Amino acid sequence: MIAETNPGESRPDATNASTSDSREMDPAAGSLHFEDGIPGFPEQTRFALVNFVEDGAFQMLQSVDDPDVAMVVANPWMFFPDYEPELTELDQIGLEIVTAEDAVVFCPVSVGEDGILYMNLLGPFVVNARTRRARQVVLIEGGHTVRTPIPAPVS
Amino acid sequence: MLVLSRKEGESIVIGDNIVVTVLEVRSGQIRIGIDAPRDLQVHRHEVYRQVLEANQDAVANARASADALRSQPRR
């Protein structure tokens, strides 16, 4: 198990969710339901957001059924304020997203061999905050890449 | 792989409710229209592959990524 949770628990413990962003939700409220899994992991349909660093900027998206399937994710707007992912009508309908407030968005993060952290802005995860239905969408417009360097923190 | 020849404006039907139509053929490029159920996701293959491979990479690197974040606080 990658995230720091107590082994033997059926569901990863997730507390201390940051409330600094109204778009974030309480991960303890339940798992996210990815009806079709995610690309590369079609069998994994239930994921939980697990905190593993204190500041809450980054979380671990972890499969409920296979804890080895986990990745770091983060709110893209913390690093890319101008990011404007445009959902297709199909994704909006599939997720039953009516207004922007329904949608919670976070993006995969991965460290490169160069030690730099990269964010995948091409394939954001979109969650309907009301129903907890989720999918990883593939953006058509915007020229986003799966490997955008995360800017160094401003100190 | 099933191979079919179609002209501009002609379609093929996949299953009961997916219709793929060749809209336009012009200088090495074709425009395709897809009528499919609303819950069916349709992607450009090469773009979908990028996201799939990025997911595999992010999962393989999850522990290293978490360690990198712990060792260098970002905020």
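## The interface between the two chains

The size of an interface is often given as the accessible area lost when the parts come together. Between chain B and chain A, about 3100 Å² is buried in this predicted model, and 62% of that area lies on carbon and sulfur atoms. The residues that take part in the contact number 42 in chain A and 30 in chain B.

On the side of chain B that touches chain A, two helices, α1 (45-60) and α2 (62-71) of chain B, each supply at least two residues. The element that gives the most to this side is α1(B), which contributes 11 residues. Sorted by class, the side of chain B that touches chain A consists of 14 nonpolar, eight polar and eight charged residues.

As for specific pairs across the interface of chain B and chain A, six residue pairs are found in polar contact, with both residues at pLDDT 80 or more. Salt bridges between chain B and chain A, by contrast, are counted at zero.

## A three-stranded sheet in chain B

Strands of a sheet pair through backbone hydrogen bonds, either parallel or antiparallel. Chain B holds an open sheet of three strands in the order β1-β2-β3, and the pairing is antiparallel. The edges are formed by β1 (11-14) and β3 (29-35) of chain B, and because each of them has a single partner strand, one side of each is left without a neighbour in the sheet. On average, and with direction ignored, neighbouring strands of this sheet are turned by 25° against each other.

The antiparallel pairing of β1(B) with β2 (residues 18-26) of chain B runs over four bridges, and B:Ile14 has B:Ile18 in β2(B) as its bridge partner. These two strands, β1(B) and β2(B), form a hairpin with three residues between them, and B:Gly15 in the turn has a positive phi of about 65°.

The antiparallel pairing of β2(B) with β3(B) extends over seven bridges, and here B:Val25 stands opposite B:Ile30 in β3(B). A hairpin is also formed by β2(B) and β3(B), with two residues between them, and B:Ser27 in its turn has a positive phi of about 40°.

## Salt bridges in the structure

Side chains of opposite charge can pair when their charged atoms come close. Over all chains, the structure holds 10 salt bridges. One of these joins the side chains of A:Arg133 and A:Glu35, with a distance of 3.0 Å from N to O. This pair links distant parts of the chain, 98 residues apart, since A:Arg133 lies in strand β8 (residues 133-136) of chain A, whereas A:Glu35 lies in the loop between β1 (32-34) and β2 (46-51) of chain A.

Definitions and conventions: Residues are numbered from 1 along each chain as its sequence is written. Chains are lettered from A and ligands numbered from 1 in the order in which they are written. This is a predicted model: local features need pLDDT of at least 70, side-chain atom pairs count only at pLDDT 80 or more; totals for chains, interfaces and linings use all residues. Side-chain values use heavy atoms; hydrogens and water are left out. Contact means heavy atoms within 4.5 Å. Buried area is the accessible area (1.4 Å probe) that two parts lose on being put together, summed over both. A salt bridge is a side-chain nitrogen of Lys or Arg within 4 Å of a carboxyl oxygen of Asp or Glu. A polar contact is a pair of N or O atoms within 3.5 Å; within protein, one must be able to donate a hydrogen and the other to accept it, and residues adjacent in sequence count only if both atoms are side-chain atoms. Ala, Val, Leu, Ile, Met, Phe, Trp, Tyr, Cys and Pro count as nonpolar, Asp, Glu, Lys and Arg as charged, and the others, Gly among them, as polar. Two strands pair if DSSP finds at least two bridges between them. Axes are lines fitted to C-alpha atoms, for helices over the stretch in contact, and angles run from 0 to 180 degrees between N-to-C directions.
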